[in-house]
Amino acid sequence: MAIQVLFFGQLTEIAGNAVGVDVAATGTLRGLEQELWTQFPLLKDRKYALSVNQKIIKEDISLADGDVIAFLPPFSGG
Amino acid sequence: MNQQEFYNRYQRQLILKDFGMPAQQKLQAARVLVVGAGGLGCPVLQYLCGAGVGTIGIVDDDVVGLSNLHRQVLYETGDIGKPKANVAAEHLSKLNPDIRITQYGERLTNKNAPGIIADYDMIVDGSDNFPTRYLVNDVCVMLGKPFVYGAIAQYQGQLSVFNWRVAEGQTRAVHYRDVFAQQPANDEVFNCNEAGVIGVLPAIIGTMMAAEVVKMITGVGTVCAGELLTYDMLSQQVHKFVIVPDTEVDQLLPDTANELYDFEYDEGCTTGNVFEIEPSVFTAWWQRKDTVFVDVRNAGEQPLLKGFSHINIPLAELEDRVEELKQHNIVLFCASGKRSMKAVQLLNRLDDQLNVYSLKGGINNWQQTQSSLL
């Protein structure tokens, strides 16, 4: 199934603004995260929140075809 | 101000549908604390002051530097080296003389924050570092104060209103830790110290923050609570992400002022060390009579500096010669800014009442800015 992943803030320097990922039908959020760590190793050491379809998600959940995931880093600047 | 002046000053918002005199009176009665008078704080302060928020507190312990002026619109070139809280208050009192402005020319800490924050209805977090952001969050949650969160990096910004109201079906209001539970470590965010920012971005996010304050006070519109708004200047794209309470982070919060007192907020990623002054401030402060400049390099190190009075106390001798430093401000410098930061830490350990500063990047950095000006 096709998942769209958006990256925000300085994470775009690692992964670009957005990538499309094709994951197995039983895919989960954490599984997708692992896959992206393999693709973009620098991502693993960064701090970020994850959202699925515009909702911040802390736990692991199953993904569905067409879901949009966002990687949101904290900003400190003022 | 007489009634006619009052009406004239606020006329353009008084005539708004759903606003009127009741909303204006709520603004006049409101007490808002703005933490940080920098890129975000400047527009927040200007618009709240203009809108007629009756009492405004300003917390900032920093001084105006040349590199601030591209985005911190309350300050002018002639203000370099002056305390931001002072300059901002002076500027704002001219903008609207009827506003009561309280200055806190100090850094918000776990010691002073509860006392300061308790005095206000709502808080605006326009700070520039994670320790202050987590501190503001935790104290606001402890004291039940809503706060407007805004933060920027490079070309993007974030906005939300935290600790506002308990949404239907939830057990408590959401706050910053529901998004980012713990402070990032230094290596978990990119370029922690010098991420860079485009000048208009804090103006956009700061103005949105001021808009939230006006809505929170007056009740017009819908407050941006329970969702994180992100803004990208390059594409003008806005996203919103729903936030729900994460009860697991509740244990991370201090429950009482005593518990807060023991919290260590400064271990995370800090930006813009307050003990460092930039070269423009260093030069501006030469005129000050209350400031002593101390070269902490060893005797004979080049280049020798001329054009301002200073003394030489090598870092190794500083502890024994601290009695020689009687002035209100002590500015330390060396070649690269490393030894002078060590000297700042040493003097702060010996006496935490001293006002000690280090020239950022040292003489090397200062000389570059001099030659680029010639």
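How many residues does the contact take from chain B and from chain A?

1. The contact takes 36 residues from chain B and 21 residues from chain A, two residues being in contact if their C-beta atoms, placed from the backbone, lie within 7 Å. This is a predicted model, in which local features need pLDDT of at least 70, side-chain atom pairs count only at pLDDT 80 or more, and totals for chains, interfaces and linings use all residues. Residues are numbered from 1 along each chain as its sequence is written, while chains are lettered from A and ligands numbered from 1 in the order in which they are written.

2. Chain B is divided into domain 1 (3-261) and domain 2 (276-373), with bounds from an automatic or database domain assignment. The centres of these two domains of chain B, taken over C-alpha atoms, are separated by 33 Å. Between them, 6 residues of domain 1 of chain B are in contact with 6 residues of domain 2 of chain B.

3. An open sheet of 5 strands in chain B has the order E9-E13-E12-E10-E11, with parallel pairing. Strands (E, at least two residues) are DSSP runs, as are helices (H or I, at least four), numbered from the N terminus; two strands pair if DSSP finds at least two bridges between them. Strand E9 (276-277) and strand E11 (311-312) of chain B stand at the edges with a single partner strand each, so one side of each lacks a neighbour in the sheet.

4. E9(B) is joined to strand E13 (residues 355-359) of chain B by 2 bridges. Ser358(B) in E13(B) is the bridge partner of Glu276(B).
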